[in-house]
Amino acid sequence: MHEYSLAQALLSGLQDYLRQHPIPGRVAKVHVRKGELLSLSEWALKEAWRILTEGTELSGSELVLESVPVRVRCPSCGYEGEARYLTEEGWHIAVPVLSCPRCGSPVEITEGRDLAIVGLTMTDPPAP
Amino acid sequence: MHDITGSFGDVLQRQLELASQNFALLKQHGVRAVNVMGAIGSGKTELILRMAEKLRERGLRVGAIAGDVAGDDDYQRFRAAGLPALQINTGDQCHLDAHQVGHALEEFPLGEVDVLFIENVGNLVCPADFPLGADVDLVVISVTEGDDMVRKHPKMFAQTDVVAINKVDLAAFVGVDPERIAADYRKVNPHGRVVFTAAKSGRGVEELLSALGF
């Protein structure tokens, strides 16, 4: 439900970056990493991006989302890696369980809360 | 076409930083904070009032921040119970965030309380994505919402330390088995604590306080 405010935050951040570091050409694609702990609809994020970029230098650019699996660190046994996911019939989504897949202790989240722009695909500027 | 890779800013990293700042400010004043989440009408405000009564009997000073899209009904209830309180109106935002809470903490008389309840906007989806900097997260579900609340919002519960299943005195009337809700929660969160409560009668309030570390 907060896709618009987060899309706006991504857009403002990128616009600030581009003002300070101008890049020749037009932005065709914006690559975003989205952590799997977040409750964000991909469809709604893309739609928010389309609407919010209208009339800006990013108008027409496509938001490309990469899903980032949840990774955890276990303070008890030292496990570091992907979290266990629970898939139950009828739930329709895989739920990351914040418990060590190796020893069952509580874990710290190391990845999976990200919402970050990590790359841009630029159209090549016309030859001079 | 060509690709440029790099770091263009993580919009949620900023939220985590602000949450850490809030946590540090609360600790500076020796305040223990609880982020209270849950659907509209689950009984968050009533449970906070009941917990506040018990904590005050123990000699602790309690305050509350009420987060709502609009209105100040919860704030008025906190004030009427004699709690130092503050209202945050999110203006259509579906959750509190660390930035709003940070501003509220600047205004709040933190020196006058030992415990602070932060009542989030009634919503079972969005608040999970926005840590506030509290010591512990509590989600309140009422049996009148049905026994499928965890299955409908599993990510929220996977990240929540303590769940209060409230209005258990009404379970038989609405044909809901509170144990089923608890079993679903334990699946997504093997380390979480479940407490059955009936805020109006005070049932389970002491156990809830103990689960929250009081």
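Mentor: Take α1 of chain B. The cover over its buried residues includes α1 (3–20) and β8 of chain A, along with β2 (32–38), α4 (98–107) and β5 (115–119) of chain B. The model is predicted: local features need pLDDT of at least 70, side-chain atom pairs count only at pLDDT 80 or more, and totals for chains, interfaces and linings use all residues. Residues are numbered from 1 along each chain as its sequence is written, while chains are lettered from A and ligands numbered from 1 in the order in which they are written.

Helices (H or I, at least four residues) and strands (E, at least two) are DSSP runs, numbered from the N terminus. The 18 residues of α1(B) should span 26 Å at 1.5 Å a residue, and the end C-alpha atoms are 27 Å apart, which agrees. That expected span is 1.5 Å times one less than the number of residues.

Now its faces. Buried in α1(B) are B:V11, B:L12, B:Q15, B:L18, B:A19, B:N22 and B:L26. Down the helix axis they fall within an arc of 110°, so they line one face of α1(B). The arc is taken over directions from the helix axis to the C-beta atoms. On the other side, B:E17, B:A24 and B:Q28 are exposed. Buried is 20 or more other C-beta atoms within 10 Å of a residue's own, exposed is 12 or fewer, and partly exposed lies in between, with C-beta atoms placed from the backbone. After α1(B) comes B:G30, with a positive phi near 65°.

Next, the interface. Chain B puts 29 residues into the contact and chain A 36. Contact means C-beta atoms, placed from the backbone, within 7 Å. On the chain B side, β1 (2–5), α1 (11–28), α6 (154–158) and α8 (178–188) each supply at least two residues. β1(B) gives the most, with four.

Four bridges join it to β8 (residues 115–122) of chain A, and the two run antiparallel. Pairing requires at least two DSSP bridges between strands. B:H2 in β1(B) is the bridge partner of A:M122. The open sheet has four strands, ordered β2(A)-β1(A)-β8(A)-β1(B), with mixed pairing. β2 (62–68) of chain A and β1 of chain B stand at the edges with a single partner strand each, so one side of each lacks a neighbour in the sheet.

Methods
Two residues are in contact if their C-beta atoms, placed from the backbone, lie within 7 Å.
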